[in-house]
Amino acid sequence: MDHLDGNVLAGPATDLFAFELSMAQGQCGSCDDIAALGQCMVYGPPMGYVARCRNCDSVLAVIIERNGQRSVNMRGLRWIRVPDQYSPSTSAAPWRK
Ligand SMILES: [Zn+2]
(Lines give C-alpha, C1' and ligand atoms only; values in the text may rest on other atoms or scores of the structure.)
Protein backbone atom coordinates (compact mmCIF):
# COMPACT_ATOMS: atom_id res chain seq x y z
CA MET A 1 0.00 0.00 0.00
CA ASP A 2 1.34 3.41 -0.97
CA HIS A 3 1.62 6.00 1.74
CA LEU A 4 1.43 9.77 1.87
CA ASP A 5 3.73 12.01 3.85
CA GLY A 6 2.61 13.63 7.08
CA ASN A 7 1.81 16.93 5.38
CA VAL A 8 -1.51 15.46 4.29
CA LEU A 9 -2.56 15.62 7.94
CA ALA A 10 -2.49 19.43 7.94
CA GLY A 11 -6.14 19.79 6.97
CA PRO A 12 -7.77 17.17 9.16
CA ALA A 13 -5.41 17.79 12.10
CA THR A 14 -6.08 21.52 12.03
CA ASP A 15 -9.75 20.70 11.84
CA LEU A 16 -9.52 18.28 14.74
CA PHE A 17 -7.60 20.55 17.08
CA ALA A 18 -9.60 23.71 16.34
CA PHE A 19 -12.46 22.89 18.65
CA GLU A 20 -13.57 23.67 22.14
CA LEU A 21 -11.87 20.86 24.04
CA SER A 22 -14.32 20.93 26.93
CA MET A 23 -17.13 19.99 24.54
CA ALA A 24 -15.35 16.90 23.21
CA GLN A 25 -15.90 13.49 24.74
CA GLY A 26 -13.05 11.24 25.73
CA GLN A 27 -12.59 7.74 27.07
CA CYS A 28 -10.30 7.09 30.01
CA GLY A 29 -7.68 4.49 29.15
CA SER A 30 -7.72 3.13 32.69
CA CYS A 31 -11.38 2.69 33.63
CA ASP A 32 -13.17 3.15 30.24
CA ASP A 33 -15.27 6.03 31.61
CA ILE A 34 -16.65 8.17 28.78
CA ALA A 35 -17.35 11.82 29.55
CA ALA A 36 -17.10 15.33 28.20
CA LEU A 37 -13.59 16.57 28.87
CA GLY A 38 -15.14 19.51 30.65
CA GLN A 39 -16.09 17.07 33.41
CA CYS A 40 -12.54 15.96 34.22
CA MET A 41 -10.69 17.28 37.27
CA VAL A 42 -7.94 19.76 36.35
CA TYR A 43 -5.01 20.77 38.56
CA GLY A 44 -2.69 23.71 37.91
CA PRO A 45 -1.32 26.22 36.92
CA PRO A 46 1.45 27.35 37.50
CA MET A 47 3.16 24.08 36.55
CA GLY A 48 0.78 23.53 33.66
CA TYR A 49 -2.48 21.64 33.56
CA VAL A 50 -3.06 18.07 34.60
CA ALA A 51 -6.46 16.64 33.70
CA ARG A 52 -7.55 13.62 35.72
CA CYS A 53 -10.42 11.20 35.21
CA ARG A 54 -13.53 12.09 37.16
CA ASN A 55 -14.09 8.40 37.92
CA CYS A 56 -10.69 6.82 38.71
CA ASP A 57 -8.35 9.82 39.09
CA SER A 58 -5.94 8.59 36.38
CA VAL A 59 -4.07 11.23 34.45
CA LEU A 60 -5.84 11.82 31.13
CA ALA A 61 -3.83 14.71 29.73
CA VAL A 62 -1.01 17.08 30.63
CA ILE A 63 -0.46 20.48 29.06
CA ILE A 64 2.79 22.28 29.80
CA GLU A 65 3.92 25.68 28.57
CA ARG A 66 7.62 26.35 28.78
CA ASN A 67 9.96 28.68 26.90
CA GLY A 68 7.11 29.89 24.72
CA GLN A 69 6.12 26.41 23.57
CA ARG A 70 3.26 24.16 24.59
CA SER A 71 3.51 20.43 25.02
CA VAL A 72 0.49 18.18 25.20
CA ASN A 73 0.42 14.58 26.34
CA MET A 74 -2.93 12.81 26.07
CA ARG A 75 -1.66 9.31 26.77
CA GLY A 76 -4.36 8.64 29.35
CA LEU A 77 -7.16 9.07 26.84
CA ARG A 78 -8.11 6.12 24.67
CA TRP A 79 -9.82 8.43 22.19
CA ILE A 80 -11.43 11.85 21.77
CA ARG A 81 -14.69 12.37 19.91
CA VAL A 82 -15.36 15.83 18.47
CA PRO A 83 -18.94 16.55 17.46
CA ASP A 84 -19.23 17.93 13.92
CA GLN A 85 -21.09 21.01 15.06
CA TYR A 86 -17.96 22.18 16.91
CA SER A 87 -15.68 21.71 13.94
CA PRO A 88 -14.90 24.79 11.85
CA SER A 89 -14.54 22.85 8.61
CA THR A 90 -17.03 22.93 5.86
CA SER A 91 -18.19 19.98 3.84
CA ALA A 92 -15.95 21.30 1.04
CA ALA A 93 -12.83 20.12 2.88
CA PRO A 94 -11.33 17.28 0.80
CA TRP A 95 -10.72 15.02 3.82
CA ARG A 96 -14.40 15.13 4.79
CA LYS A 97 -16.70 13.01 2.71
ZN1 LIG B 1 -10.81 6.66 34.63
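Visitor: Leaving aside its neighbours within four places in sequence, which residues is Ile34 in contact with?

Guide: Leaving aside its neighbours within four places in sequence, Ile34 is in contact with Gln25 and Gln27, where contact means that the C-beta atoms of two residues, placed from the backbone, lie within 7 Å. Two notes on reading along: this is a predicted model, in which local features need pLDDT of at least 70, side-chain atom pairs count only at pLDDT 80 or more, and totals for chains, interfaces and linings use all residues. Residues are numbered from 1 along each chain as its sequence is written.

Ile34 sits in strand 2, residues 34-36. Strands here are DSSP runs of E with at least two residues, and helices are runs of H or I with at least four, numbered from the N terminus. Ile34 is partly exposed because 13 other C-beta atoms lie within 10 Å; a residue is buried at 20 or more such atoms, exposed at 12 or fewer, and partly exposed in between, with C-beta atoms placed from the backbone. In the protein, 10% of the 97 residues count as buried. From Ile34 to Arg54 there are 20 residues in sequence and 9.8 Å in space, C-alpha to C-alpha.

Now for the wider setting. The protein has 1 helix and 7 strands. An open sheet is formed by 4 strands in the order 3-4-5-6, with antiparallel pairing; two strands pair if DSSP finds at least two bridges between them. Its edge strands, each pairing on one side only, are strand 3 (41-43) and strand 6 (69-73). Strand 3 is joined to strand 4 (residues 49-52) by 3 bridges, and Met41 has Arg52 in strand 4 as its bridge partner.
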